[in-house]
Amino acid sequence: MILRARLALGFLTIALLLAVPLAVSVLALHHARQTVDELRDEAFAASLLVARMTATNAQLREKEASVYVDKGATPSYVDELRRAQRTLRLQADSLNRLGLVPLRRSLEPPLAIIGRFTEVEIAALADGELVLAQNVSEQQMIPAISQVDRELRGAENQLRVIAAKKVDDASTQAHSATRLAALLLAAALAAAALVAVSITRSISRPVRDLERGMHAVAGGDFAHQLSISTERGDEFGRLASSFTSMAHQLAELDKLKAEFVSVASHELKTPINVIMGYLKLLEENLYGELNPRQAEVIGVMQTQATSMGRLVQHLLDVSRFEAGAGRLEPRPTNLRGFLSQLEATYNVLAMQREVTFTVTASDTLPEVVTWDQDRISEVLGNLLSNAFKFTQAGGRVELAATTVPDKVYIEVRDTGVGIARTQLPHIFDKFYQADNQDRAGAKGSGLGLAIAKEIVEAHGGSIAAQSTVGRGTKFSILLPVVAISHVDGPVHAAEVAPEDAVQADGQQATASHESRDSEAADDAAEVTA
């Protein structure tokens with residue numbers, strides 16, 4: 001189901017869920033209206049009719065009593081008596097229409113008596129037979145009127161009870177409907193919330209997965225797999241398919257780039273080594289004595305050739321580590337001797353820069369560690385060179401080593417210019433350079449810290465940095481006592497290409513500490529500290 005259809009279905013479901021309590025409320029209102037109509041059309045109308053009959057019956061009693069006061073039957077009296085008797089009869093006939101059939105039946109005998117003896121009484125009064133009229137009144141009319149009054153009062157009480165019951169029933173129905181509507185509304189809201197959450201999760205999960213995938217690809221992880229299936233028939237399935245295709249193409253491009261850098265760097269090493277060899281021979285006057293100007297030019301050319309060779313080597317190191325083919329040669333190393341060698345190497349640079357340099361080794365340090373000494377020396381040399389390069393005269397550079405369980409913790413601290421907080425997360429990225437390069441004597445290529453990170457992680461360790469602008473920078477390295485190689489393939493000694501060994505007329509390979517001395521002296525570290 002496509003995303004638009006899913007959203008439409010979700011909204012329709014929520015609308016239907018919310019319509020249920022509304023429908024129940026409308027139905028409850030309809031029932032309440034029906035109950036009110038019944039009370040108005042039946043109970044209230046019946047009560048009103050009974051009240052009118054009670055009033056008519058009272059008029060009839062009043063006329064019956066007044067005849068003996070007046071001692072005769074005047075024409076107006078006769079008309080009023082007959083009118084009250086007929087009105088009571090008509091009102092009684094209306095009881096059937098209002099459903100008061102039992103009351104109508106109970107009133108039939110006394111009403112029949114009143115109808116029959118009203119004329120008898122009127123005739124006796126007309127003939128002047130007051131005694132007969134009185135007997136009719138006392139024995140027939142008054143008891144019949146009293147019976148009607150009792151029946152009507154009983155009906156009034158009964159109607160009052162019925163009306164009260166219907167009101168109670170209506171109130172109960174209203175309360176029940178209110179509770180039911182509230183429960184249904186709560187249930188509908190809960191169900192609607194579940195539907196909304198389900199829709200949100202069905203959208204947010206793929207979005208987060210795509211976001212993580214984009215971050216992974218941006219970080220160079222082109223093999224990242226999305227949890228979204230490319231077989232999905234919605235927009236996310238198409239996005240996943242496009243992402244997979246994009247990641248595959250980027251991986252191919254990255255592979256081509258790495259191969260190009262590796263091949264180009266490798267091919268550049270031979271001519272650079274040949275150039276350096278011949279420059280060395282020229283410097284040694286093998287082809288004739290050099291004048292001062294020529295010697296100066298040869299020195300500049302040697303410096304630039306050395307820098308170019310170092311850059312080519314860095315490019316090769318980066319491409320090898322990215323390809324999982326970084327070469328390590330872990331071997332037992334005397335840690336204190338290693339630190340002492342570093343101290344002796346960089347003391348000269350410290351004196352030249354007028355910077356205080358100290359190396360502190362904890363008493364708990366292990367005597368021997370199993371590291372690739374040359375590679376770790378390259379890492380620390382890079383950090384120290386950066387520290388000296390960005391620390392002004394009178395500042396301080398410190399190298400401290402201590403132990404944590406099964407690991408060695410090394411810090412390189414300086415009081416230099418520092419790195420901006422926004423730039424700190426990127427200093428280990430390839431070719432990244434902070435904006436404080438103008439403080440350095442020479443601008444680097446942006447590969448030094450990237451290589452340092454690869455070397456440390458290849459040993460199974462970690463490296464991190466903290467910095468405050470104007471106060472200095474601290475690099476922290478955590479290494480296992482025995483290196484755990486994280487590079488693909490066997491860990492073996494670094495291989496040297498045959499052409500690297502080509503040196504003209506007896507040129508000798510330079511020792512690793514001599515190379516570090518040269519780098520430090522030339523301020524060739526690539527990334528700021």
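Biologist: What is the order of the five strands in the open sheet?

Modeller: This is a predicted model, in which local features need pLDDT of at least 70 and side-chain atom pairs count only at pLDDT 80 or more, whereas totals for chains, interfaces and linings use all residues. Residues are numbered from 1 along each chain as its sequence is written, and side-chain values use heavy atoms, with hydrogens and water left out. Strands here are DSSP runs of E with at least two residues, helices are runs of H or I with at least four, and both are numbered from the N terminus. The open sheet has mixed pairing, and its five strands follow the order S2-S4-S5-S7-S6.

Biologist: Which strands are the edge strands of this sheet?

Modeller: Two strands count as paired if DSSP finds at least two bridges between them, and an edge strand of this sheet pairs on one side only. The edges are formed by strand S2 (356–361) and strand S6 (462–468).

Biologist: In S7, which residue is the bridge partner of Ser 462?

Modeller: Strands of a sheet pair through backbone hydrogen bonds, either parallel or antiparallel. S6 and strand S7 (residues 472–480) take the antiparallel sense, over seven bridges. Within S7, Ser 462 has as its bridge partner Leu 478.

Biologist: What positive phi does Asp 406 have in the turn of the hairpin?

Modeller: Strands S4 and S5 run antiparallel and are joined by eight bridges, with Thr 402 standing opposite Tyr 409 in S5. The two strands form a hairpin with two residues between them, and in its turn Asp 406 has a positive phi of about 65°.

Biologist: At about what angle to S2 does helix H7 run?

Modeller: Helix H9 (residues 448–458) packs on the sheet, touching S6 and S7 (contact means heavy atoms within 4.5 Å), and its direction makes about 25° with that of S7. Helix H7 (residues 335–353) lies across S2, strand S4 (396–404) and strand S5 (407–414), and its angle to S2 is about 175°.

Biologist: Why does Glu 398 count as buried?

Modeller: Glu 398 is found in strand S4, and its side chain makes polar contacts with the side chains of Arg 396, at 2.6 Å, and Arg 413, at 2.5 Å. A polar contact is a pair of N or O atoms within 3.5 Å; within protein, one must be able to donate a hydrogen and the other to accept it, and residues adjacent in sequence count only if both atoms are side-chain atoms. Leaving out residues up to four places away in sequence, Glu 398 touches Thr 358, Glu 411, Val 412 and Arg 413. Buried means under 20% relative accessible area, exposed over 50% and partly exposed in between (1.4 Å probe, protein chains only), so Glu 398 counts as buried because its relative accessibility is 17%.

Biologist: How many residues make up the largest nonpolar core?

Modeller: A nonpolar core is a set of buried Ala, Val, Leu, Ile, Met, Phe, Trp, Tyr and Cys residues joined through side-chain atoms within 4.5 Å. Leaving aside neighbours within four places in sequence, Phe 388 is in contact with residues including Tyr 346, Leu 349, Phe 357 and Val 397. In the largest core, Phe 357, Trp 371, Leu 380, Phe 388, Leu 399 and Ile 477 touch the most other members, and the number of residues in that core is 43.

Conventions:
Axes are lines fitted to C-alpha atoms, for helices over the stretch in contact, and angles run from 0 to 180 degrees between N-to-C directions.
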